[in-house]
Amino acid sequence: MSEVRGRVEQPTVVVRMADAGDLYMSWRWEDDVAPRGAAMLPGDPIAEAVTALADALPKPDVPGGLERALTTGAFASPDAEYRLAQSLSRALLPYGLAVQLHELYTRGVRPHIRLQPSPRVAQVPWEIIAPDPALRLIDIADVSLLAPAGVVHAPGRSARSWSADRELPVVAVLDPRVPGFRADSALGSVLGRMNGAGALSERVAEHLARQRLRPDAPEPVEIFRRTDLDRRWLSETLRAGASRLIYVGHVTAAAPESGQSESAELHLACAADATGFAEPLRAHRPLSAKDLLLGTHTLHPEPVAGPDLWPIPSRVALIACESGGDLRFTEALGLVAAMINGGAELVTATRWPLPTDLAFQRLAGATATPLQDLICAIDAAHDHPDPLHPLTTWHRTRLTTWRETGAIEHSPLLWSAIATFHT
């Protein structure tokens, strides 16, 4: 391993996968700190493990699907969750790579694993897979996902730099009020009634005190459930300059078999008469990945490109159901790709639907607010010089607490849904 400014540089391994009946995996260590490798992983065990994972995930659109995930599914108890993690590890972690990771672990070295999953395994929470009864992958390595190379290197893409923009405002779209949908409806509130207390309100208050939050407001409670956070406001605010964007709300994504990754939609406070590619829903038109990519191309006689309408800041957090579903598609042109195409260099998004705090409390008897805690952890990490380090540290603290208590609010059902994409 090389020395960088007096410290040992973290070794990084890039892992790529391809589906062809079986799963083909290759890995390459940067700076050749270890030999390259490749493996063919049999398709049947992968299919079995991925099906078990899918069965354990929340299914808000299926009657009882959310309650089952929180109470009787594989993520509802530490023993069942460990069995799932072990089956994923046996199916997906090649022996040759496992040996190399174990050798680094015995030397006290924590590598960075950069993954490019195939569509079939895109929802796998690699952080929790269990190569050993006492170890998870997150115990021995930092894990992130590779952003789609075709998007990162797209002609004309103008990437923004955190080092240059870090003092600019934070743009926060927190549980916007979707026109035509009541708070208790399908596109209603994800945070519930907020007040000045609680971790997330305190986090918002800190930003307001530093005068770095957009929108601005006299009190933290006025940041939530706003009716003015539409695509026009977002365009004007981003074009005025931003260090990062955090969105907490609803995302609707097309099924992977549709092949329409660009149809993934953010639900802002946009009225149905807003210009855009997505079809209106009652009094509301969603903002789609296609909008962010193409802008008003074919929609206006003098079109404006998406990245010019919505110049995306260096760092983005999309905390919403399956906001990071791009990699489930052969053509990954969803919301993560749109953010990167617009200028982001790092995006944190989710692999599957997220239970709300109200669901944890009503369906599983939790007394905490794990979704708010998750939002705060991501928000704090995105202010760090290296967001992946505090995020993976937080993951490890959640895993330790889950092992010790088995309390549902600490289950990987919530926190292992989070994935960070690097350019």
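Buried means under 20% relative accessible area, exposed over 50%, and partly exposed in between, for a 1.4 Å probe and protein chains only. Helices (H or I, at least four residues) and strands (E, at least two) are DSSP runs, numbered from the N terminus. The model is predicted, so local features need pLDDT of at least 70 and side-chain atom pairs count only at pLDDT 80 or more, while totals for chains, interfaces and linings use all residues. Residues are numbered from 1 along each chain as its sequence is written, and side-chain values use heavy atoms, with hydrogens and water left out.

Strand 15 (residues 346-350) is mostly covered, five of its five residues being buried. L346, T348 and T350 point one way from this strand, V347 and A349 point the other way, and all are buried. Strand 14 (residues 315-319) is largely enclosed by the rest of the structure, because five of its five residues are buried. Here R315, A317 and I319 point one way and V316 and L318 the other way.

Two strands pair if DSSP finds at least two bridges between them.

| Pair | Sense | Bridges | Opposite residues |
|---|---|---|---|
| Strand 10 and strand 14 | parallel | five | Y247 and L318 |
| Strand 14 and strand 15 | parallel | three | V316 and V347 |
| Strand 15 and strand 16 (residues 418-422) | antiparallel | five | T348 and T420 |

From strand 14 the chain crosses through helix 12 (residues 335-341) to strand 15, and this β-α-β crossover is right-handed. A crossover is right-handed if, with the strands pointing away from the viewer, the path from the first strand over the helix to the second runs clockwise.

**Helix 9**

Helix 9 spans residues 231-239, and its buried residues are R231, W233, L234, S235, T237 and L238. These residues pack against strand 8 (170-174), strand 9 (213-214), strand 10 (244-248), strand 13 (287-288), helix 10 (289-294) and helix 11 (306-309). Contact means heavy atoms within 4.5 Å. The N-terminal end of helix 9 is capped by D230, which has a side-chain oxygen 3.3 Å from the backbone nitrogen of R232. Just after the helix, G241 takes a positive phi of about 110°.

**Nonpolar core**

A nonpolar core is a set of buried Ala, Val, Leu, Ile, Met, Phe, Trp, Tyr and Cys residues joined through side-chain atoms within 4.5 Å. The largest one has 126 residues, and W126, L234, I319 and M339 have the most contacts inside it. Helix 14 (residues 370-381) supplies the largest share of this core, seven residues. Not counting residues up to four places away in sequence, W126 touches M17, L92, L115, P117, V121, L137, V143 and R351. L234 is also among the buried residues of helix 9, and I319 is among the buried residues of strand 14.

Three strands form an open sheet in the order 11-12-13, with antiparallel pairing. Its edge strands, strand 11 (251-252) and strand 13, each pair on one side only. Strand 12 (residues 265-266) and strand 13 are joined by two bridges, and E265 stands opposite S288 in strand 13.

H267 lies in the loop between strand 12 and strand 13. This residue counts as buried because its relative accessibility is 1%. The H267 side chain makes a polar contact with the side chain of H284 at 3.0 Å. A polar contact is a pair of N or O atoms within 3.5 Å; within protein, one must be able to donate a hydrogen and the other to accept it, and residues adjacent in sequence count only if both atoms are side-chain atoms. Residues touched by H267, not counting those up to four places away in sequence, include P176, V178, L187, Y247, H250, V251, T252 and P286.

**Cysteines**

The structure holds zero disulfides, a disulfide being a pair of cysteine sulfur atoms within 2.5 Å. C270 is in no disulfide, and the nearest cysteine sulfur, that of C321, is 18 Å away. C270 counts as buried, at 1% relative accessibility. The sulfur of C321 is 18 Å from the closest cysteine sulfur, in C376, which is too far for a bond. C321 is partly exposed, with a relative accessible area of 25%.
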